[in-house]
Amino acid sequence: MNDGIYQHFRKEERPTIDQIASYISEAELNYAPMLTDFLNPRERFIVQALIGKNSTIQMAMQGGYQKADRKRVLFYPQYFEPQVEDFEIQVLEVDYPVKFASLHHGQVLGALVHSGITRDVLGDIITDGTRWQLIVEKKIAPFLVSQLDRIGRTKVKLESKESSELLTPESAWQEAHLLISSQRIDQIIASSYHLSRGKAKELIENAKVQVNWMEVDRPDYVINIRDIISVRGYGRIRFDAILGTTHKGKLKVEMAIIRK
């Protein structure tokens with residue numbers, strides 16, 4: 001991958017760029033479809049930048065439902081017509097004693113990660129307020145069904161569902177339009193959660209902040225479009241767009257925010 005692409009992205013994103021480029025190259029070389037693991041919005045932003053320079057390979061994305069945060073990407077040659085089945089996604093529903101227990105997103109994700117699987121084989125975790133479903137790669141579904149029997153202190157059982165049985169998710173994201181002085185992470189966290197810059201800096205330096213599921217320890221870290229910031233104890237922030245600047249030089253931005 002040449003420096004012409006690298007210069008548009010962060011240094012730490014180079015392995016992601018190289019991995020995506022290898023998928024595209026393999027699809028091109030074999031003239032056959034190539035399927036990625038689940039990618040977050042920032043990774044898919046990189047995908048779109050790379051595929052835009054390719055005239056022979058196309059792409060499609062699927063995460064179980066239209067507004068999924070995490071989606072698998074299929075790179076394919078022009079002769080191929082992608083079907084939903086080609087994305088190899090499985091829906092699992094959590095069977096648990098609804099009358100006697102309640103589940104939370106963090107609990108469910110924690111139980112999945114502690115089961116020994118990696119984050120990239122997991123799609124969205126969705127709920128309608130009572131029922132919970134997991135969107136996962138089909139190959140790891142049998143393992144999860146056989147191994148995951150508790151979430152926190154609650155005894156659970158996972159059941160396979162058809163894609164037609166997918167819940168209508170209860171969206172936790174709230175759209176927000178903010179004015180910020182810069183794209184520094186401490187500025188964005190402070191503005192999104194009405195905190196002081198000092199408090200935001202403290203959260204970052206105490207290892208309570210991640211960007212795209214990777215820990216960040218610098219308050220001056222610059223956030224880019226489609227990045228997702230996770231702040232332990234507060235929620236998540238998705239940087240959706242820069243809408244312009246004020247006459248005083250502040251940025252008008254569009255965010256989506258989850259508040260715990």
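Reader: Does Lys 139 count as buried or exposed, and how do you know?

Author: Residues with under 20% relative accessible area are called buried, those over 50% exposed and those in between partly exposed, as found with a 1.4 Å probe and protein chains only; Lys 139 has 63%, so Lys 139 counts as exposed. This is a predicted model, in which local features need pLDDT of at least 70 and side-chain atom pairs count only at pLDDT 80 or more, while totals for chains, interfaces and linings use all residues. Residues are numbered from 1 along each chain as its sequence is written, and side-chain values use heavy atoms, with hydrogens and water left out.

Reader: What makes the contact of Lys 139 with Glu 137 a salt bridge?

Author: The term asks for a side-chain nitrogen of Lys or Arg within 4 Å of a carboxyl oxygen of Asp or Glu, and Lys 139 and Glu 137 meet at 3.6 Å from N to O, so the pair qualifies. Glu 137, at 1% relative accessibility, counts as buried, whereas Lys 139 counts as exposed. The structure holds 15 salt bridges.

Reader: Why is the salt bridge of Glu 13 and Arg 42 said to tie together parts of the chain?

Author: The closest N and O atoms of Glu 13 and Arg 42 are 2.9 Å apart. Helices (H or I, at least four residues) and strands (E, at least two) are DSSP runs numbered from the N terminus; Glu 13 lies in the loop between helix H1 (3-6) and helix H2, and Arg 42 lies in helix H3, so the pair joins parts that are 29 residues apart in sequence. Both residues are buried, Glu 13 at 6% and Arg 42 at 3%. A network of salt bridges links Arg 10, Glu 13, Arg 42 and Asp 227.

Reader: Where do Arg 197 and Asp 186 lie, and what does their pair link?

Author: Arg 197 lies in helix H7 (residues 197-205) and Asp 186 in helix H6 (residues 185-193), eleven residues apart, and the pair links distant parts of the chain. Their side chains form a salt bridge at 3.3 Å from N to O. Arg 197, at 37%, counts as partly exposed, while Asp 186, at 3%, is buried.

Reader: Why is the aromatic pair of Tyr 31 and Tyr 79 called tilted?

Author: Rings of Phe, Tyr and Trp (its six-membered ring) pair if their centres lie within 6.5 Å, and planes under 30 degrees apart count as stacked, over 60 as edge-to-face and the rest as tilted. The centres of Tyr 31 and Tyr 79 are 5.1 Å apart and their planes stand at 40°, so the pair is tilted. Tyr 31 lies in the loop between helix H2 (14-30) and strand E1 (34-39), and Tyr 79 in the loop between strand E3 (71-77) and strand E4 (89-95), so the pair ties together parts 48 residues apart in sequence. Tyr 76 and Phe 80 form a tilted pair as well, with 6.1 Å from centre to centre and 50° between the planes. Tyr 31, Tyr 76, Tyr 79 and Phe 80 form one aromatic cluster, in which Tyr 76 is buried at 9% and Tyr 31 is partly exposed at 46%.

Reader: How do you know that Arg 70 lies over the face of Trp 213?

Author: A charge sits over a ring if NZ of Lys or CZ of Arg is within 6 Å of the ring centre and within 35 degrees of the ring normal. Arg 70 lies over the face of Trp 213 at 5.3 Å from the ring centre, and Arg 72 lies over that of Phe 38 at 5.9 Å.

Reader: What makes E1 and E2 edge strands?

Author: Two strands pair if DSSP finds at least two bridges between them, and E2 and E3, which run antiparallel, are joined by six. The order in this open sheet of three strands is E1-E3-E2; E1 and strand E2 (57-62) each have a single partner strand, so one side of each is left without a neighbour in the sheet.

Reader: Which residues does Ala 27 touch, and how is touching decided?

Author: Contact means heavy atoms within 4.5 Å, and, leaving out residues up to four places away in sequence, Ala 27 touches Ala 32, Met 34, Ile 57 and Phe 75. Ala 27 lies in helix H2 and, at 0% relative accessibility, counts as buried.
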